[in-house]
Amino acid sequence: KDFALGNFDLCNVKVTKACDTTSPVYIPGTDLFKTEHVVTITNDGFGSVFDVQFQDNSITSTTQCDIIKIGNTVQNPTIPIGDNDDWKNVVNELAGGTSIPVRLMCLSPANSFANQVTVRASSTDNGTPIVADADDTDTEDADNVAAWHLDIQPLVDLTNDCKGLSNNP
């Protein structure tokens, strides 16, 4: 018999999005910034969750993002991510107490990215998504904020050095 009061949290998902420490990178000639992010989806419940999906809520019409790696599997070809209404499948089943990282690579004319991502999953295979979480903070923790911004250094350093004029021909 079960004498516990209340409900058991059999399944629960959490999501975080972090900027890669080597991002962003400015691509000369394109006026675009390349950023890489890791979306980590964690099942911190007891039972498995199924049909795990995520969407990146920060994608705009000027941004191109692709999934380049799910867990340890490189995606070749990469999986394009559409606008912020586009749900992408990550894994069919995520066991309780486990996580899966999803690596994204984005090209954008903007120098920084919002940290906005949502995850959803079902408690049964092919079921309706009933568990969800979102990471919608605008910046990462203080140790990682610097990685989200890139100061462009000029490629040419011009110094004007005028010599004195001589009266002698």
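**View 1. The two faces of strand β10 in a predicted model.** Strand β10 (residues 131–135) has a covered face with Val131, Asp133 and Asp135. Its uncovered face holds Ala132 and Ala134. In a regular strand, side chains alternate between the two sheet faces. Strands are DSSP runs (E, at least two residues), numbered from the N terminus. This is a predicted model: local features need pLDDT of at least 70, side-chain atom pairs count only at pLDDT 80 or more, and totals for chains, interfaces and linings use all residues. Residues are numbered from 1 along each chain as its sequence is written, and side-chain values use heavy atoms, without hydrogens or water.

**View 2. An open four-stranded sheet.** The strand order is β7-β4-β9-β10, with antiparallel pairing. Pairing requires at least two DSSP bridges between strands. β7 (88–94) and β10 are the edges; each has a single partner strand, so one side of each lacks a neighbour in the sheet.

**View 3. Strand β9 and its partners.** Five bridges join β9 (residues 117–122) to antiparallel β10. Here alanine 121 stands opposite valine 131. Strand β4 (residues 49–56) also pairs antiparallel with β9, over five bridges. Phenylalanine 54 faces valine 119 in β9.

**View 4. Asparagine 43.** This residue lies in strand β3 (residues 32–43). Asparagine 43 counts as buried because its relative accessibility is 0%; buried means under 20% relative accessible area (1.4 Å probe, protein chains only). Its side chain reaches the backbone oxygen of leucine 94 at 2.9 Å. Contacts of asparagine 43 beyond four places in sequence include Cys11, Ser48 and Thr98 (heavy atoms within 4.5 Å).

How values were computed: Buried < 20%, exposed > 50% of the residue type's maximum accessible area, 1.4 Å probe, protein only. Polar contact = N/O pair within 3.5 Å; in protein donor to acceptor, adjacent residues only side chain to side chain.
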